[in-house]
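Biologist: I'm new to reading models like this one. Can we go through it together, one feature at a time?

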Amino acid sequence: MRLVSISDGDSNSDGDLGARPPRHIQVDGHGETHRLTEMGFVPGAALRVLHHGPFGGRVVALGSARVALDRATTRRLRVAADTR
Amino acid sequence: MTVRVRRPASTPSCHGGSARSEPPRTGQRIVALAGNPNVGKSTLFNALTGGHQHVANWPGKTVHVARGRWQLHGGSTPLEVELVDLPGTASLAPRSPDEELTRDLVHDPLNRPDLVVLVADAAAPARSLYLLSQLIDAQIPLLVALTMTDIAASRGTDVDAAALAAATGVPVVVVPPRRGTGRIAHGAASGGSSTDQLAAAVEASIARPVLPPPTGITWSGADSPPRADSTSDSAAGSDSAAGSDSDAGSDSDAAVAEAAARFGWVHEVLAHAVADTGHRRTWSDRVDRVVTSPILGPVVFLAVMWGVFTLTTRVAAPLQAGLDRFLSGPVSDAAGRLLGLVGLDGTWVSGLVIDGLIAGVGTLLTFVPLMALMFALLTLLEDSGYLARAAFVADRVMRAMGLPGRAFLPLLVGFGCNVPAIAGTRILPDARHRLMTALLVPFTSCSARLTVYVLVATVFFGSAAGTVVFGMYVVSLLLIVAVGLVLRSTVLKNTPVEPLVLELPPYRVPTLRVLTRGVGIRLAAFLRTAGGIIVGTVTVVWLLSSVSLTGGGFGTVAVEDSVYGNVAQAVAPAFAPAGFDDWHTSAALMTGFVAKEAVIASWAQSYAASEPADASTPGTLGDHLRTSFEQSSDGHPGPAALAFLVFLLAYTPCMATIAAQRHEIGGRWTAAGVVGQLLIAWTLAVAVFQIGRLVW
């Protein structure tokens, strides 16, 4: 399974949210891992990048929640590449 | 009176003694509302308590907590509980003093609430359930109040409350507070409004407390105290508890594994209770595509901020001026006539009533439209969901100063007026960020200072006046950044600058009822705290300027003979190194401590010159000022005038700001801020004059 940082991927900005299979996350590195885990960024949870924000930030869908992340955090979140 | 039987805690206690016994409690029952930020907790709290509430710091903490009385039912045996609105909490492993309070409270064997109502967001239930799993393992009687079911439905998320109750072992009441309807999912009550049903469920839980079955997840805090606990104990009295130390500790593999295990439990519960029809793209997502985009996002952000600024300056100003005219005109005249009828006009009594009390109350009242507008805008921004987007867009810029993106708003509003700006620091969820922003706001150059800049710059710098005035705003910005960096590396050293991981709540249309109630409650609280300070200061200033030291008649003394004038003369030498040691000017600065709007009037009064109607045409007052500054600066009036302007910018804005600061960050920090501002102002003024004198 190829893992890519979510800062690298394109946002799935068109069409239905469910059109592509959700991607599965893994948190890299140290520091703030606990906080990210407590937000629900746990291995196996489904995540989808919705929007690209200013300064490299991303808005992602994590289950039914929407979470804004800054650039540093998006680099540490790795997801399994789309399996289309 | 019901007898409470509570099963003793089954887990080994981390608080020392084993098998602790419940202390007998005869006082009022305490019910606490807990929940993630932005789940409608405060809205529910306001709906349940109505006006019967007060907001204060929790004893021993710098955390604002609203407490109120909630009448569960009336009738022959009315039952009332004390309702505590705990700060928004994501987890019982705290990252801020706000979150620590919830953790400490549910673990405190002596003072913990009789019941915790977890307000859970049906639209994004995972994080609410995460907190629920921690509360369950804290073994405290629980109830879940499920909000936002309407939004959840529109997102294709359907939460089955009965299944949720069955899966968690905690009673669940559906409460959409914005609509006022609801149904109970667990228990016997039916019919009536949602708050009635919540009340019935709370009453039942209090009468017969039942502890939920533990989740079975080994809590890292069960055997050894959580790391954050030990840091807060060892660092008692400091604000560093949730600083970098505990971050490193809570990032241990065990803590991460526990959090992941809890989400395993959460996903199991969700599988039972939530029929998610898939990831449907909502209209919130469509709006966010624009509002959080790299280019249009900042444009929308700046447009909204411009709107807030315009409303708190241009729109509020005529309202303030109108109220002021009404009070200093018709109201004062009427009071004068009334006093005349009883033969008191022209005496000290009429002076005290008209120039002291009515003027003081008038000053206070002119803040009412401004504050109401500010509170309404804050509520709108917060409840609509836009504030979270603004925080995301402005994050990178504010982070340079160690502040979150939301801090942009109070700092911007400060350029209009510092008083609502201080109140605006409430949008910051972290108490340390609130404190830092509230200490920075006085350095934002408010519009009252502008009139003094214009007058002084016109008098001393002629055609370069515009540049000087613009320069004052540059100095203001530099001061904010410099003081912010100093605060960050000294007093607030341990304030963590966390990466941005921010949940964006779905957009909602705020209801008028929630809006007006919120504004009313906040306004009343402001008037209660600020009223005494403002009315008191105006009255004291009147008194000091009416008492003569040379034996003249009371209330009809020349300024220089009054106690006020004498104090100004005593203070003046302190400004000699800055080149403006003149009692007219020190008197004006003393007045400026009360309100910057009155600085020019004070000068005019002390020079017995007419107050210029327009600051850009100073008239005879300008001549007086030129002569005074020429003398006090030994022939360097330009540098002295600049030094004066810098002092005026940096020292305490006005007593209303002090009153607002005391309300938000407490008396001690407010006093420290005032001293800091005076030191910075004086040092800068002296530096400007001494350097300016050499080159000019």
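Biologist: At what angle do helix H12 and helix H13 of chain B pack?

Modeller: Quick background: this is a predicted model, where local features need pLDDT of at least 70, side-chain atom pairs count only at pLDDT 80 or more, and totals for chains, interfaces and linings use all residues. Residues are numbered from 1 along each chain as its sequence is written, while chains are lettered from A and ligands numbered from 1 in the order in which they are written. Helices (H or I, at least four residues) and strands (E, at least two) are DSSP runs, numbered from the N terminus. An axis is a line fitted to C-alpha atoms, for helices over the stretch in contact, and angles run from 0 to 180 degrees between N-to-C directions. Here, H12 (residues 296–341) and H13 (residues 348–384) of chain B pack at about 155 degrees, their axes 8 Å apart. So H12(B) is roughly antiparallel to H13(B), a label for angles over 145 degrees.

Biologist: How many residues does each chain bring to the contact?

Modeller: Two residues touch if their C-beta atoms, placed from the backbone, lie within 7 Å. Chain A brings 36 residues and chain B brings 41. On chain A's side, H1(A) gives the most, with six residues.

Biologist: Which strand of chain B is joined to S5(A)?

Modeller: Strands pair if DSSP finds at least two bridges between them. S5(A) has three bridges to S10 (residues 501–503) of chain B, and the two run antiparallel. Within that pairing, Val67(A) sits opposite Glu503(B).

Terms used. Parallel < 35°, antiparallel > 145°, perpendicular 65-115°, else oblique.
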